[in-house]
Amino acid sequence: MSLLQFNFVSFREPLYKVIYNHPKTDALYIFPTEASKRIAIREFLQDWQLDFAQFMTMEEFKELLIDADKPLLKEEKRTLAFYGSLTQDDRAFLKISNYFSAVETAQQFFSLWEEFNEEMVDEAVQEIQLTEADAELLPWQKVLYARMREIKQRYQKFIDSKGYADLLFLMKPADLDLKALDVFKRFYFVNQFYYTALEKQIIRRLAETRPVTLFCQLPQTLFDTNSLEVSPFFWTDLGDGLSESIHIIECKNSFSMFAALIETLADTPIRHVVNFFPNRNPYARLMSPATFHSITPLRLCDTSIYRVIDRLHTLMTNLVWETHHKKLLVPLQTIIEAFADDHFCDMILNHDQSIKQKTVDDLYALAGEQLQFIDLDGQYFQKTKRHNSQAAVLTLFELLNAILSVRSIEDFISLIDTPNGLSIDAILTAEEKKTTNLKETVYRVLADFITIGNSRLVDDWQSVFQMAYVAPQARPAAGILRLFLDYIKSIHCRRYVRSEKAARVEFCGLQDTRNIAYKNAAVMNLVEKEIPHARSAPFLFTEKQRRLLGFKTYEDIKLREKYYLMRLILTTPHVFLFTQSNIEQNLEISSFVEEIKLFAQPATLSLSTVTKEPLRALYQHLLKSDTRYSVPTEKTKEESFYRIPYSPARDFPQGTLNLSYYSLDKLLNNPFAYYINFLSRVKERQKEIKREISPPLLGNVVHDIMSRLMSSIAEKNLFAPAQIDFADISTSEIEKYAQQSLQSTKFYYYFPHNHSLIYLQEIIKPILIESIRHFLHSLNSRGLHRHKTVILPEKNEYGLRDPYILLNVDQSIGLVIQIGGRADLRIEDVENGQFYIIDYKTGYPEKDQLLLYEICYYLGKDKSLAESVHSFVYLVFDARLQSFQGRKGVSKSRQIDEFLSEIENAVKSFETSGFGLPIKKSDLKEMEEITRADLYQNKVMRSVNRSRNRN
């Protein structure tokens, strides 16, 4: 005879009061959640009845029935054992290359077999049953399921050999030891909505000898006492509850919903907010821990210890092993990011702000020079003089080298609080030391973490962390750092906060509300795909197959969520439901809320809509700004706002203006940007260093190859002038200089050392060699091989003349103006008095650049040479030698006069009006954050264009 009893509790009755009225002597109470268990203990504690009863969650209850003679594997140890049990064929089949790529598969594996245990499904799946129901297994499902069964057997053998056990093999009806429950005379299962097949069997077996009571808070008509299952229901099926008011607040988006919650909390004594997780929501940073209780626990992944380890892990994973010179290279991008992280930088530099600023400035300067890497042994600093960043970067590299020595968890632990390792005290911030127990928590976590290393589950960590994207030398260290980061993600520490006198608001998930009663509550994010959750594709079996086999389905999960929400509403006198509706963001009101709107008593229901987004009010409050303040728009409408006043003593203290082609181009096209770049010497920082061959770098490579080649030709003809047959230079000789350039230390730290470098070697280099060969033939085609010439490559010109020449300009200009520049190649035909200037281009030719070179070298002193000076641009990737003709129909002499006049006018303009922004829209894009060209373009240019149109 079964002693199973049912107690159906109305939503109007306090669940725990009903439970409390039953016999408590030698009773065991089983609850669905830890939170509901703690509430029950608190209720019983009021009358000091704990001596007669014990309290457990359902999971604790089932584990009590397990008699394991070996340590049980859980969490990371379980996943490591799963990975260790896989054969090479398993890993290839499951596309697993290392431990971290196996984590998701391990979770699916354990969830699958745990469900088999809980629902007591036979592993020998009855395919006939599925086929008859038109849900037959597909070939890939059969293959994958067979593989899962094989892996399960191998996993069991593996953990047995290591001396461990797993609940996976112990949670079977035949293995459960009910004798462990002999000390209890009665059992109370408190309002668990869904019972698995295993839980049902345990309940029925217990009811054979002792009273077992199931408390169910719902109408008896909805519960099948034979199957212990709840039927699908609507709001009207649940009956009356304690609801006095149900407020449904429809919002436009998550921010307006958050703002509406804060406003509601200010007007209503709500103490519990459901389905809002502060740690996942950026707006939670605005919430005071003194007022909101669940903000107080601090996740370790939000602390300095996580940030520092994560930064080191990033540095490890980005190391590049360069095989030719056998060096470990550190990407400059990751170095900059490390020193841009204030906390990490302070730890490395021991809070020395002066070194910090110099280091960061110098690193950004290197980025501007297109540097890609610095070698981990620091030889780059021996080849260059970068003293501003050297000391700080080498300090960082010393730490990285120490971490590289890590080959096991024990090695990692041995680095803690050692001179060349990681000091916990140096990592933690002063605020964390003062207001949290983080230091104590970190040492406790480290003590727990080392047990993974002591578990003997892994013999060789190098084999576990075979990450192809990580340098081989860094794989063990990078893997262990990531394992530690994953290990501490879910751990919290205490934060000491002085709370307000009033009770603080608490946050919880919807499942945590089971069996708990509130006086008032707010429920957030009641939108489709949140509550109820979105349907997701189940692992291995389809929804139909799962239903036929006896597993939970999406409809079961959806029904549970519906019960949790509606029970919460019915047992709470005053509840606020926050939802969202926004077509643009694909947000729909939860179907559960729509049902409540249709069927709830009109007297208890109120609907409201929030359409405004109080961003302005929020910012004004946070910044404590005067609401009467407004931006002085009349200033931004004046063109003088966008000009830097000219000050001779400040801008040109020597009274000399030296202009290269690039600074001159900037002065003519954007005087404001010229002032910032060349007078203030402020360069726009490069935000991202891309791992590729950039156009400037490719141009430098081409120039270097050409310079090596032409310098070699010049050196072979020391007694110039001489006749040179350029066509005699062999392809192999060109290739020699190309290879010298590509392998030179000059570009070693600038190349990306990835597929882009292979592309340069295999694809671009042959094109360059062929193009250079064509260039040499082009020189011959001009007849230069028949005359005695002097070759002057740019490399050979340093020291031959002053870099700048003086211009004869209007004497009213209060500055001495000089222009300068060096051409890539000059060839002087001494025999015929002809002069050739050649500039190599990998992109488009620059306007007037060759004219500037002609003036600097020849025409600035003697315009009569105009007909004897010939300028060319060699377009490398077009293999074309293009003659510079200037403007058609305009003599060279006149072009020079107009060019010099343009310089004079630019100087007079900034002398009288300052350094202003350009009128051309395309030139306004540079340095927008400094120039505020966005305002200029919107306000000034409109008025300028209007006045032009009127004129």
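The structure contains 0 disulfides, a disulfide being a pair of cysteine sulfur atoms within 2.5 Å. The model is predicted, with local features requiring pLDDT of at least 70 and side-chain atom pairs pLDDT 80 or more, while totals for chains, interfaces and linings use all residues. Residues are numbered from 1 along each chain as its sequence is written, and side-chain values rest on heavy atoms, with hydrogens and water left out.

Cys216 is buried, at a relative accessible area of 2% (buried: under 20% relative accessible area, 1.4 Å probe, protein chains only). Cys856 is also counted as buried, at 3% relative accessibility.

Helix α37 covers residues 892-913 (helices are DSSP runs of H or I with at least four residues, strands runs of E with at least two, numbered from the N terminus). Its 22 residues should span 32 Å at 1.5 Å a residue, and the end C-alpha atoms lie 31 Å apart, which agrees; the expected span is 1.5 Å times one less than the number of residues. Buried residues of α37 include Ile896, Phe899, Leu900, Ile903 and Phe910. The buried residues of α37 pack against β19, α29, β23, α36 and β26 (contact: heavy atoms within 4.5 Å).

The axes of α13 (residues 342-349) and α14 (residues 353-368) come within 10 Å and cross at roughly 120°; axes are lines fitted to C-alpha atoms over the stretch in contact, with angles from 0 to 180 degrees between N-to-C directions. In this contact, Asp342, Cys345, Asp346 and Leu349 of α13 meet Gln353, Ile355 and Lys356 of α14.

Terms used
Buried means under 20% relative accessible area, exposed over 50%, partly exposed in between (1.4 Å probe, protein chains only).
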